[in-house]
Amino acid sequence: MSAVLFFIAAIFALTGAIGVVMLRNPFYSVLALVVHLIALAALFLLLEAQFVAAAQVVVYAGAVMVLYVFVVAYVGGADQPLGSGGGALKILGPVFALAVAVELCIAMLGSALAGISSRGAHLHTTFGTPRDIGRLFLTAYLLPFELASLLLMVAAVGAVVLARRRRGLEAEEDEYEHGIVAEHRPVYTGTQAETTGVRRTVALEAAAEAEAEPAGTGSGSEGGW
Amino acid sequence: MDIGWYLVVSALIFSIGAAGVLTRPNPLVILLCLELMLNAANLALVAFSRMWGTPAGQVFALIVMVVAACEVTVGLGLIVAIYRRQMAINVDELNELRG
C-alpha cells in the first residue's frame with residue numbers, strides 16, 4: 001500500500017517539477033509547482049513527518065504560492081521562449097544541467113544507496129508530531145528557531161523596502177506618464193470638508209469669488225480641516 | 001518503501017530544478033526552480049530523518065522552509081522593483097553590471 005502511494009506521489013511530484021521547467025507561461029509554472037508541493041507533502045506523510053507535511057501545505061502551497069500568483073499577475077505572465085537568449089548559454093545551460101543529473105546518478109548508483117539501511121529505524125509513536133518537533137525547537141534547536149524569526153522579520157522589511165514606490169529617486173513625471181497618478185483632484189473635493197459643506201469646492205468658490213469682490217478669503221488660510 | 005527510492009526522487013527533482021535555473025530566462029521561473037531544488041533537499045533531509053529515527057532532520061527541513069520563504073519574499077520584491085523601473089523581466093538582458 002505504501003509502495004503504491006509512494007509511486008503515485010513521486011510521479012505527481014516529478015510531473016509537477018517538469019511542468020515548472022517546461023511550461024512557457026509563468027502562471028502555469030506556478031500552478032505546476034502547487035501540484036509538486038502537494039505531492040511532496042504526501043511523500044513527507046509517507047516518511048512519518050506529519051508536521052513538516054502540514055507546514056509544507058500551509059506555508060508553501062498556501063502562502064508562498066499566493067504571493068507568486070500575485071506577482072505573476074502584477075508583472076504579467078506573458079508567454080516567453082523556453083531557451084536562453086545568449087549563444088553560448090543556449091548550449092552550455094542544458095549541458096551543465098545534464099552534467100548535474102549524471103553526477104547525481106553516479107553518486108546514487110555508485111556508493112550512496114549501498115551505504116544506507118533500507119527500511120529505516122524503529123520509530124517511537126510520537127515521531128514527527130508537532131509535540132516532538134516543538135519540543136526540539138524549544139530545547140535543542142532554540143538558537144536556530146530564534147534566528148529564523150529574526151530572518152523572517154529582516155526579509156519582510158527588506159521586501160517592503162525593495163518593492164515600495166520610491167519618491168525622489170525617480171523623476172515624478174514617470175508616474176504621470178504611466179498613469180499611476182491620473183490627475184490631481186481639486187483641493188477639498190472628495191474630503192469630509194466638502195461633504196459637511198464647511199468648505200466649498202474650488203470651482204464653487206471661484207464662482208462665488210467672481211460674483212462677489214475678490215477680497216481676503218484666501219482658500220488656504222482658513223484652517224481647521 | 002526503501003529510503004533509497006526517496007533519495008532517487010530527490011535527486012531527480014534537484015536535477016530538474018537545476019536545469020530550470022540554468023536554462024530559463026525569466027527570473028520568476030528561476031525562483032520557482034530554486035524552490036524545486038530546496039524542496040529536493042528537504043525531501044532528502046526528511047528521508048534521512050526517517051532512516052535514523054531522529055526528528056532533527058525534520059527540524060532542519062522546517063528551517064530550510066523558513067529560509068526559502070525569506071528568499072522568495074526578497075526575490076519577488078526585486079522582481080517588482082525591476083518591473084517598476086520599466087526594465088525587461090529577463091535575466092539575459094539585465095547585464096548592466098557586466099564590466
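Two residues are in contact here if their C-beta atoms, placed from the backbone, lie within 7 Å. Keep that in mind for what follows. And note that this is a predicted model.

Let me start with one residue, A:A53. A:A53 sits in helix α3 of chain A, residues 50–75. Set aside its neighbours within four places in sequence. Then A:A53 is in contact with A:A41, A:F44 and A:L45. Is A:A53 buried or exposed? The cut-off for buried is 20 or more other C-beta atoms within 10 Å. A:A53 has 22 other C-beta atoms within 10 Å, so A:A53 is buried. A:A53 and A:G128 are 75 residues apart in sequence, yet their C-alpha atoms are 9.7 Å apart in space.

Now A:I38. This residue belongs to helix α2 of chain A. From A:I38 to A:A53 is 15 residues in sequence and 8.6 Å in space, C-alpha to C-alpha. A:I38 has 18 C-beta neighbours inside 10 Å, so it counts as partly exposed. Again leaving aside neighbours within four places in sequence, A:I38 is in contact with A:V57 and A:A61.

Stay with α2 of chain A for a moment. The helix covers residues 26–46, 21 residues in total. From first C-alpha to last it reaches 30 Å, close to the 30 Å expected at 1.5 Å a residue. Just after α2(A), A:E48 takes a positive phi of about 65°.

Step back to the whole of chain A. How many helices and strands does chain A have? Nine helices and zero strands. Along the sequence the pattern reads α-α-α-α-α-α-α-α-α. Of its 225 residues, 20% count as buried. Take the contacts in chain A between residues at least 6 apart in sequence. Of those, 51% join residues at least 24 apart.

Over to chain B. Chain B has three helices and zero strands. From the N terminus on, the order is α-α-α. Of the 99 residues of chain B, 58% count as buried. For contacts in chain B between residues at least 6 apart in sequence, 46% join residues at least 24 apart.

What about the overall dimensions of chain B? The C-alpha trace spans about 50 × 25 × 25 Å along its principal axes.

18 of the 21 residues of α1(B) are buried, so the helix is largely enclosed by the rest of the structure.

Next, how the two chains meet. The contact takes 71 residues from chain A and 64 residues from chain B. On the chain B side, α1 (3–23), α2 (27–52) and α3 (56–84) each supply at least two residues. Which helix gives the largest share of that side? It is α3(B), with 22 residues. By class, the side of chain B that touches chain A has 46 nonpolar, twelve polar and six charged residues.

Two helix pairs across the interface. Two packed helices are described by the angle between their axes and the distance between the axes.

Pair one is α1(A), residues 2–22, with α1(B). Their axes come within 9 Å and cross at roughly 10°. Angles under 35 degrees count as roughly parallel, and α1(A) and α1(B) are therefore roughly parallel to each other. Residues of α1(A) in this contact include A:F6, A:L14 and A:I18. From α1(B), they include B:W5, B:L12 and B:I16. By class, this contact has 14 nonpolar, two polar and no charged residues.

Pair two is α6(A), residues 142–163, with α3(B). The packing angle is about 10°, and the axes are 8 Å apart. These two helices, α6(A) and α3(B), are therefore roughly parallel to each other. On the α6(A) side, A:P144, A:L151 and A:L162 are among the residues that meet α3(B). On the α3(B) side, B:I63, B:C70 and B:L78 are among those that meet α6(A). By class, the contact of α6(A) with α3(B) has 17 nonpolar, three polar and no charged residues.

That is the tour. Questions welcome.

Note on methods. Residues numbered from 1 in each chain as written. Chains lettered and ligands numbered in written order. Predicted model: local features only at pLDDT ≥ 70, side-chain atom pairs only at ≥ 80, totals over all residues. Helix = DSSP H or I, 4+ residues; strand = E, 2+ residues; numbered from the N terminus. Nonpolar A, V, L, I, M, F, W, Y, C, P; charged D, E, K, R; others polar. Expected span 1.5 Å × (residues − 1). Axes fitted to C-alpha atoms, helices over the stretch in contact; angles between N-to-C directions. Parallel < 35°, antiparallel > 145°, perpendicular 65-115°, else oblique. Buried ≥ 20, exposed ≤ 12 C-beta atoms within 10 Å, placed from the backbone.
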